[in-house]
Amino acid sequence: MAATILVVEDEPAIQELVACNLELAGHRTLRADSAEQALRMVRDELPDLIVLDWMLPGINGIEFARRLRSDKRTQTVPLIMLTARAEEQDKLAGLETGADDYITKPFSPRELNARVKAVLRRRSPEATDDVIEVTGLNLDPASHRVTGNGTSLPLGPTEFRLLHFFMTHAERVYSRVQLLDQVWGDHVFVEERTVDVHIRRLRKALEPSGHDALIQTVRSSGYRFSVN
Ligand code: CA
């Protein structure tokens with residue numbers, strides 16, 4: 001799994017340690033020394049996850065987390081709090097602001113990577129390498145292969161991402177705008193009808209095994225991946 005992870009930490013040595021470990025685990029990192037800098041970076045690019053130090057100069061970690069959670073665009077970004085505080089009270093305060101997990105310093109690189117992986121899996125399953133299988137349709141993110149009842153189904157990169165998103169978010173209707181946000185990425189200016197073009201290509205690619213029927217059009221709402 002390769003995710004883009006923003007590391008917000010004012011102590012250079014710890015920032016370096018955290019970022020290097022995440023990069024060794026295959027992730028791309030963005031680094032900020034303060035919450036103010038992180039807020040600017042998040043405006044430019046929405047990361048897949050944020051590792052956030054609690055004690056920061058200026059806006060502290062808790063306040064930064066609150067701001068992320070109160071903004072519609074950033075409220076669902078997974079957040080791991082990094083702190084020297086181990087008291088139960090602080091832990092609760094951190095989780096109440098919407099942190100997904102909590103790591104107490106000092107921590108081992110292995111623990112950090114395991115928690116990052118667990119949070120990514122829980123919050124954005126499309127960012128992990130887990131093989132997904134739905135009624136004979138099999139998608140392997142690591143090898144970028146899709147098979148339908150054992151037959152290879154070649155997909156373009158956008159169709160692959162679209163199918164990966166659908167398979168990890170089944171039985172829910174997504175509007176074209178939501179799909180653009182989730183699959184094409186944040187801050188990408190693409191026309192809504194582009195979604196329809198790629199849906200059409202995706203269905204055509206899934207036709208040989210009959211799995212095109214899983215991609216349903218929901219009139220005036222958008223699209224849904226459903227086995228029903
Ligand atoms: Ca700090």
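Trainee: Let's start with methionine 55. Is methionine 55 buried or exposed, or something in between?

Mentor: This is a predicted model, so keep in mind that we are reading computed values. Relative accessible area is the number to look at: under 20% is buried, over 50% is exposed, and what falls in between is partly exposed. Methionine 55 has 48%, so methionine 55 is partly exposed.

Trainee: And what does methionine 55 do at the metal site? Which residues coordinate the calcium ion?

Mentor: Look for the donor atoms around the ion. Here the calcium ion is coordinated by Asp10 (OD), Glu11 (OE), Asp53 (OD) and Met55 (O), at 2.1 to 3.2 Å. Written as a spacing along the sequence, the donor residues read D-E-x41-D-x1-M.

Trainee: Where in the chain do glutamate 11 and methionine 55 sit?

Mentor: Glutamate 11 is in the loop between β1 (4-8) and α1 (12-24), and methionine 55 is in the loop between β3 (49-53) and α3 (61-70). They are 44 residues apart, so the pair links distant parts of the chain. Glutamate 11 has a relative accessibility of 37%, so glutamate 11 counts as partly exposed.

Trainee: Next, charges. How many salt bridges does the structure hold?

Mentor: For a salt bridge, you check whether a side-chain nitrogen of Lys or Arg comes within 4 Å of a carboxyl oxygen of Asp or Glu. The structure holds 14 of them. Let's stay with glutamate 11 for a moment: Glu9, Glu11, Asp53 and Lys105 are linked in a network of salt bridges. Glu11 and Asp53 are also among the residues that coordinate the calcium ion.

Trainee: What is the distance between the closest N and O atoms of aspartate 130 and arginine 121?

Mentor: In that salt bridge they are 2.7 Å apart. Aspartate 130 has a relative accessible area of 30%, partly exposed, and arginine 121 has 37%, partly exposed too.

Trainee: And glutamate 191 with arginine 193: how far apart are the closest N and O atoms there?

Mentor: There the figure is 3.5 Å. Now use the cut-offs again: glutamate 191, at 48%, is partly exposed, while arginine 193, at 58%, counts as exposed. Arginine 193 belongs to helix α8 (residues 193-206). Its C-alpha atom is separated by 9.9 Å from that of valine 177, 16 residues apart along the chain.

Trainee: What about rings? How many aromatic pairs are there?

Mentor: For rings, look at the distance between centres and the angle between planes: under 30 degrees is stacked, over 60 is edge-to-face. The count comes to three aromatic pairs. One of them joins phenylalanine 165 and tyrosine 174, with 4.9 Å centre to centre and 70° between the planes, which is edge-to-face. Phenylalanine 165 is buried at 2%, and tyrosine 174 is buried at 5%.

Trainee: Is the pair of phenylalanine 166 and phenylalanine 225 stacked or edge-to-face?

Mentor: Stacked: the centres are 6.5 Å apart and the planes are at 20°. Phenylalanine 166 lies in helix α6 (residues 157-168) and phenylalanine 225 in strand β12 (residues 222-225), so the pair ties together parts that are 59 residues apart in sequence. Phenylalanine 166 is buried, at 0%, and phenylalanine 225, at 0%, counts as buried as well.

Trainee: Last topic: how do I describe two packed helices?

Mentor: You give the angle between their axes and the distance between the axes. For helix α2 (residues 35-44) and α3, the angle is about 20° and the axes are 10 Å apart. That makes α2 roughly parallel to α3, and their crossing is right-handed.

Trainee: And at what angle do α1 and α5 cross?

Mentor: The axes of α1 and helix α5 (residues 109-123) come within 10 Å and cross at roughly 60°. They are therefore oblique to each other, and α1 passes α5 in a right-handed crossing.

Methods
Residues numbered from 1 in each chain as written. Predicted model: local features only at pLDDT ≥ 70, side-chain atom pairs only at ≥ 80, totals over all residues. Heavy atoms only, no water. Phe/Tyr/Trp six-rings, centres within 6.5 Å; stacked < 30°, edge-to-face > 60°. Buried < 20%, exposed > 50% of the residue type's maximum accessible area, 1.4 Å probe, protein only. Helix = DSSP H or I, 4+ residues; strand = E, 2+ residues; numbered from the N terminus. Donors = N, O, S within 2.8 Å, 3.2 Å for Na, K, Ca; no water. Axes fitted to C-alpha atoms, helices over the stretch in contact; angles between N-to-C directions. Parallel < 35°, antiparallel > 145°, perpendicular 65-115°, else oblique. Left-handed = near helix turned anticlockwise from the far one by under 90°.
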